[in-house]
Amino acid sequence: MMKTKKNTIKVLSSSVIEKIAAGEVIERPASVLKELVENSIDASSTKIEITVEGAGFSLIRVSDNGLGMSSTDLEKCVVRHATSKINSADDLFMISTMGFRGEAMASVAAVSRLNVVSSDNDSGLGYAISSEGGVVKGIEPQQHLRGTKVTVRDLFYNVPARKKFMKTQRAEQLAIVRMLEQMVIPFPGIHFTVTVDGKKVMEIPECGSPRERIAAVGGTKFAQNLIECSEENDGVSALLYVSTPETLQKRPRFQSLYVNLRRIDNDSVTFAVREAFSRFLGHGNRPSFFCFLDIDPGCIDVNVHPTKQQIKFDEDRRIFGFIYRAVKSGIEKMLISKDDFRESAKTDIENLSDTYPALHSNAGEEGGGKDTGAQREKPKEEESAFQTILPFPASKRYSEKELDHKAESSVQLDNDDKDVLWNLIPCYQIHGMFILAPIKNGILLIDQHAAHERVLFEQALKDLHSGRTASQQLLFPVLFEVSPTEKAIIESGKEYFSGFGFEIADFGGNTISVSAIPAFLKDGQVENTIREMIRYLLDGRGSDAFGEPTKRFAAAFACGAAIKSGQKLSQEEMNALLNSLFSAKNPYTCPHGRPTLVRMSLDELTRRFLR
Ligand code: ADP
Ligand code: MG
């Protein structure tokens, strides 16, 4: 045991107490900004101007045209637990404003150099108050139009330990843009401008509806495609905008819940939306959604989390059912009204039933026709095996563990198999997801997306390391809309994108233009690939898996450019994919370590058929 001095209990000085309390509310620059913008919203502002420098560490300024403060209020606003928004403990259960604890301003003051100028009238005269590390320096008159301007400089200058825990400036800046992007959505009546390091990154004028606001953030085309769903019942009302079933994505762009206009994380709402889509959710795809819930403030507890990002519903299950019904009936209404959707759904179903006969007749043709030599010793038996393997549930008779073990122990291929000329092997695509290929002593099942990801990952890494990526100039630049956060991601990975052959420029507004791409990317894939890469890079999981940015970027590219599940492949494409997979350094896993293939030996097959 370590020797320590005898502990004596000391009462902490008020400046230490302030800093501890500040840590609860003010985790990072984005949380300061969030509190300030909430205050401007609470003050009924119609125009809010935000300025950020040095990822918020040097400067955060929020200027509004709201109700403003009198000189006495201004003096109180930096005192802890001073608020104009609640009076008694009972009010805590009826909160209708964004703020209520009277903590934010005092917390910000404790860890920065703060200046607040405000006027609550039209005389052109207001007052200013400054504080340094929580020590208030007094109040003095100053010219100011009605409204409030809060300037925070040198955030955390007196809490070096907290600064050390911050991620990179890039990450903090991204967090700021992301937070703002989410925050502006439910307030179409407020004009927001955001300037970061001298560059205007958001100019979001007042508009008439949430859908228009969504368009201002996510792009017009995206917003037009959303289905509107609404439901009202027992003092709860919900308005949702959700993706159409055709536009589901593995990593949806937005999954945003607002309860009484406050952005909230709540898994059961996300889950309810997803459940309502369950019949359309193939291949791990998910809907984007914006959900605005309006609930009697008495039925929720917003006071369960220091940064107010979570709430407790009195009846979680009722909310789940409510959202589920709203989305389900919204989708159904859309399907009924939209004939062409029914048409395309019909052809989808027809395509699906096509797959089986095609597969069977192929198997017969190839087996009888081309002789591929040693690999196809027993064509007759293999064919029958394919046909019975297809309805996969049969394998359920084995325990999961047993199967895992089998897959693991049999995944490595013999050198014989690896050196096979894959272009000569007839392969079969199953459910648009897997490739079934016969090998010398059994069969291989290959996950088409994972396999292609591996191939592209290795190629991208090689190119990035050697710095010799071939780029192709596009005849017509590809233009598409992205959100401010998505733009910030491209900006933050600029050197990788350009080092890898992409030429991406800001086209003004929400639009970016892509004028060159890596040589081996097809030009029809540009938008999708870049979008997927952005989503991948935004997704926290990517950064955990790869510490090294080059690897992370290569993985993002591989994920974005790889063939998707559900994409039909020709015989040649399947053969080419297998050829490249088995030339890869590590053909057995995708960049994230998931298996690319499962092998079943002939021995095992015969055992399973009890032969
Ligand atoms: P809370 O928002 O929880 O009341 P804050 O510490 O964020 O606590 O703010 C304290 C008080 O300062 C608010 O209750 C409000 O009266 C006043 N205030 C802060 N910012 C503004 C602003 N932009 N406009 C008008 N009043 C403000
Ligand atoms: Mg507040």
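Analyst: Ala, Val, Leu, Ile, Met, Phe, Trp, Tyr, Cys and Pro count here as nonpolar; Asp, Glu, Lys and Arg count as charged; the others, Gly among them, count as polar. On that basis, the shell around ligand 1 holds 7 nonpolar, 8 polar and 4 charged residues. Note that this is a predicted model.

Start with the shell itself. It has 19 residues, and T83, S84, K85, G102 and M105 come nearest to ligand 1. Two helices, α2 (29-42) and α4 (104-110), each supply at least two residues of this shell.

Next, the polar contacts. N39 places a polar side-chain atom 2.9 Å from an oxygen atom of ligand 1. D64 has a polar side-chain atom 2.9 Å from a nitrogen atom of the ligand. In T148, a side-chain N or O atom is 3.3 Å from a nitrogen atom of ligand 1. How much of ligand 1 does the protein bury? Taken alone, the ligand exposes 530 Å², and the protein buries 93% of that.

Now the empty spaces. Rolling a probe the size of a water molecule over the atoms shows where empty space is left. The second largest pocket has a volume of about 890 Å³. Its lining has 36 residues; K199, V201, K487, A488 and E491 are the closest to the pocket centre. By class, the lining divides into 17 nonpolar, 9 polar and 10 charged residues. Domain 1 (14-204) and domain 3 (383-611) each give at least three residues to this lining. Five elements each supply at least two residues: the helices α6 (169-184), α16 (484-492) and α17 (494-499), and the strands β8 (199-204) and β20 (503-506).

Across the whole structure, the search finds 2 cavities of 30 Å³ or more. The largest cavity has a volume of about 40 Å³. Which residues line the largest cavity? They are Q249, R251, N528, R531, E532 and R535. The lining of the largest cavity has no nonpolar residues, 2 polar and 4 charged.

Last, the backbone. Most residues other than glycine have a negative phi. S44 has a positive phi, near 60°. S44 sits in the loop between α2 and β1 (47-53). F156 is found in the loop between β6 (147-153) and α5 (160-165).

Key:
Residues numbered from 1 in each chain as written. Chains lettered and ligands numbered in written order. Predicted model: local features only at pLDDT ≥ 70, side-chain atom pairs only at ≥ 80, totals over all residues. Heavy atoms only, no water. Near = heavy atom within 4 Å. Polar contact = N/O pair within 3.5 Å; in protein donor to acceptor, adjacent residues only side chain to side chain. Areas by Shrake-Rupley, 256 points an atom, 1.4 Å probe, with all protein chains shown as cover. Helix = DSSP H or I, 4+ residues; strand = E, 2+ residues; numbered from the N terminus. 1 Å grid on protein atoms, 1.4 Å probe; cavity = no way out; pocket = protein on both sides within 12 Å on 5 of 7 lines; lining within 4 Å. Points joined across faces, edges and corners; volume = space filled by probe spheres on them. Domains from an automatic or database assignment.
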